[in-house]
Amino acid sequence: MRVSLPVSVLGALFAIVLMADVVHAQMPATFIVESPTMRTGEMMPRNYSPDGRNVSPPLSWRGLPDGTREIVVICQDHGAGRPPPWVHWLIYNIPGDATGLPEGIPFDPADPMPSNVMGAAQGNNGWGLAMYRGPAPPGTSLHHYHFAVFALDIELGLPPGMTRDEVLEAMDGHVIGEGSMVPIYSRQPAGRDTIPGGALRRSGSDR
Amino acid sequence: MTDERRKKDAITRRDLLKAAGAAGAAAMIPASLDGAPVEAIRPVASAVTAMSNAPLMNLTARETEILAAMIDRLIPSDELGPGALDAGALGFIDRLLSEAGSTSVDAYRSGLAALDRYSEYTRGGRFVELSERDQDSALIDLQTGGAGGAGADFVGSSGGFFNMVKSHTWQATFGDPHYGGNVDFIGWDLIDYPGVRMRVSDEDQRLLDAEQLEPVRRSAYDYAMFGTGRPRGPDLDGEG
Amino acid sequence: MPRQVRPADVVIIGMGAAGGVAALPLAEAGLSVVGLEAGTWLDQRDFAPDEIRNNYRDWPFLVKKVEDERPTSRATSATNANRVGGSPMMNAVGGTAVHYWAQSWRLNPWDFKVASETVRRYGFSRLPAGTTVEDWPLDYEELEPHYDAVERAIGVSGNAGNVRGNIDLKGNKFEGPRDREYPMPALRWTGFLERMADSARSLGWHPFAGPAAINSERYDGRAACAYHGFCNKGGCPVNAKNSPLISTIPKALETGNLKVVTQAHVTTIEVDREGRTTGVNYVVGTEEYFQPARVVLVAGYTYENSRLLLLSKSNAYPDGLSNNAGQVGRHYMSHHQGGAVGALFPFDLKAWYGLPAQGVAIDDFADDNFDHSDLAFIGGGNLWAMSDRRPISAASMSTYGRGRNWGSGWKRFIHENSDRSHGAYIQKTTLPYEDNYLDLDPTYTDRLGLPVIRITAQYKENELRAASYMQDKMEEWYRAAGAVEITRSGLGNTMGITTHAYGGTRMGNDPEMNVLDRWGFSHEAPNLGVLGASVMGTSGARNPTLTAQALAWRTATHLVEAWRDIAE
């Protein structure tokens, strides 16, 4: 079932869903979350999915409130999981002065975090793996992937491998700002690569 | 080296086959030297390892190559010690395929071909050409089932193929050496399994509890009572 | 035209745990007995400690008969049934008891009187909705001498908790009174099991070693358990695991009154015009035979017991033998033993040379041993911490959310943790219900074209609540013992094929609600008896085998005593 909603409605829906996740002491400030290769409401490049290299996408943010000590990023699909949401990525302990995440955060614990996000740790996604795993919606269905970024007023000091519920519980009462973006994804039938920016092209296909 | 010395050091195809019996690999001796003595190229132990990348009897050279690369990522050889390939996983699987029949062989062939197609489509190269990280990433996607529907056309889910190879690789590495794997007890040493013994006395258990029990390196079938290693079948009738 | 063979006094269909035990008192009494067994003879030489063969290549299933006729299952009659999974049963002389875990428990007195005890203590409204549970037509006290006889005939090791009212905490303080000690003391404990017992005591519980049909010392000319570690789905190479194959059947053969026919596939049971059984049809290869007998005892395990009756239609029994009251297949139960709990410890458990029957048991939360006034279920479960580990399964352990289960990082994980995981299955009280039953599947058939059994059954609220409660208790126990990670399996829905299947040919005094009378003989066909857990009306919170064997012993000894009334 294809669901296409205007961005403003998506944003509002997302904010409502987000509020259900986290209880705040006061209304948190909203900030901008962007990506050089993704936009809310538009198809994600397939390199961020198992149809490509399945690397984590780059994110950037600005306008975080003063006093941000730690940043947490959660990527969820509210149209999957029993019950929803399905967690695609959970990364926390990001330094409060970081301005974003580069593409391709390491998934092997032996590889170091990039220097500007040194100390960041990944929690367990829906597959129980402490890494980013991108969209794989069934058939050609279209899903929304909510990248939520939280600014916290303390450092949680959590070890790697936490679950979403554990991280949300630890965050409770410490979220002073949040932002998000919601790109979409659906899989193409084999042989048709129609996503601009996809790094791999099968020979003979357009674009 | 004199001809005399050469003959003494020579290893025939039969010798290599016997040595590789556990690994089950076909000889890598060129057909033209079939039956004739071959100069020893390296000691037998590493000949077995070297032959672990020789084509299997049930898979082509290309299929074997992909399978070897996949197994090498599942249980790699690293600073902690040897991995599944060293433990003889390829030979174990080859022997299993010889005994199991055509549906299992087909499952391997179609899965390995799909893995190559998947690697090409998603990561720009055949599986063996990918970096180790990309190989791992591709295998993670196979395991989660994310690789299904990405132009790879796995028969059923990609997870089914992954789990089959993983299960066989684990049996190969940690199972009784009788089946061709767990060479030199590589697998049992990795998990500190103290070995197959027919009797574990109270004193043995006490030693085990105190971490003083010496490992026994034997196959179950080194114990004479188990004979050929095959249970007698229904054709044995023991009417009372 | 089937070839008629020499008539016997008694024909027993199946020489497994129940049939193999019943053969002894019958043969010793001088009756001529023919045991028809679909499997073959195996012996020690067949039982190599080989995990690949035992646990990955399903070696026990050399004979495919049971695999061929494995049942289908569905939760309710709203859907079609499917074949999900293989059968854990084995065809062989001695049956699945040749490789089973050999835990060998008596039921507790409460299990025989669940209905009346629940009403007495908590009121009628506490009986779960839809249950068809009745008190058994005999109580624990009446079965006690038969438990004793079987424990001695096959060899069961254990520590008594209640000998004629004297409580001994080395054993189970909650058990029904026994006349005397077990024939052998319980199997030993490892250091880790001692730790689990100490942790249980620290919680105020009463741990004891579980009983097993496994020699803890030399018994009856057979060796003691060697603790080699391959007992789980493995036959015993030293003949310490006491299946009928090495205990009651050889003794019965010695009398000269037992003949075992192997590879015999029984198809139907014949009756005469009056509805009395006359013998059994069976096939060996492609040859058909008819075994005439004065008494037929059906002992083919729970599914086959109902199936044979349903397949044996006649004028006297148009809906299947002994099924005029429509009770064959009714009151079916798959024991609730799922909802397992797993634990990761920060130290090695030294579990390489253990066996599933070697363990610490807790009965504090079984049956009605605790107050249910403020709880929403009746019955409970037995907690069991065993010692069982083999290399491939150890290397396949969960990573407890600590990473990928393959690769270099995993190698480091497994090198450290291969001996640190533990898993507990928990057996709970399971009751019969109106809409949980067995019948013949309308679609699937075996190799001979005969319909297989269809299981229509699901776990009910009562069992699921008890299961959840027991998971909490197991977690509490693990944490008290130092576990750092806990996992829980789902509580289950559809009752599928299981090693602990009960009912379908229930024993009870009321012929409208039960297939068999209080002795195990059909209410409708007086010279037809049934052996096995299919006769049981409640499951108890422990393994069924010893109880099925004690009932079989009792049915056989009654047959000897009442021969004229039953057979003639």
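How much area do chain B and chain C bury between them?

## Interface of chain B and chain C

In this predicted model, chain B and chain C bury about 4900 Å² between them, with 57% of it on carbon and sulfur atoms. Buried area is the accessible area (1.4 Å probe) that two parts lose on being put together, summed over both. The contact (heavy atoms within 4.5 Å) takes 58 residues from chain B and 52 residues from chain C.

Six salt bridges are found across the interface of chain B and chain C, each a side-chain nitrogen of Lys or Arg within 4 Å of a carboxyl oxygen of Asp or Glu. C:Lys411 forms a salt bridge with B:Asp78, and their closest N and O atoms are 2.8 Å apart.

## Two helices of chain B

Helix H5 (residues 89-100) and helix H6 (residues 102-123) of chain B have axes that come within 6 Å and cross at roughly 135°. Helices here are DSSP runs (H or I, at least four residues), numbered from the N terminus; axes are lines fitted to C-alpha atoms over the stretch in contact, with angles from 0 to 180 degrees between N-to-C directions.

## Basis of the model

Residues are numbered from 1 along each chain as its sequence is written, and chains are lettered from A in the order in which they are written. Local features need pLDDT of at least 70, side-chain atom pairs count only at pLDDT 80 or more, and totals for chains, interfaces and linings use all residues, while side-chain values use heavy atoms, without hydrogens and water.
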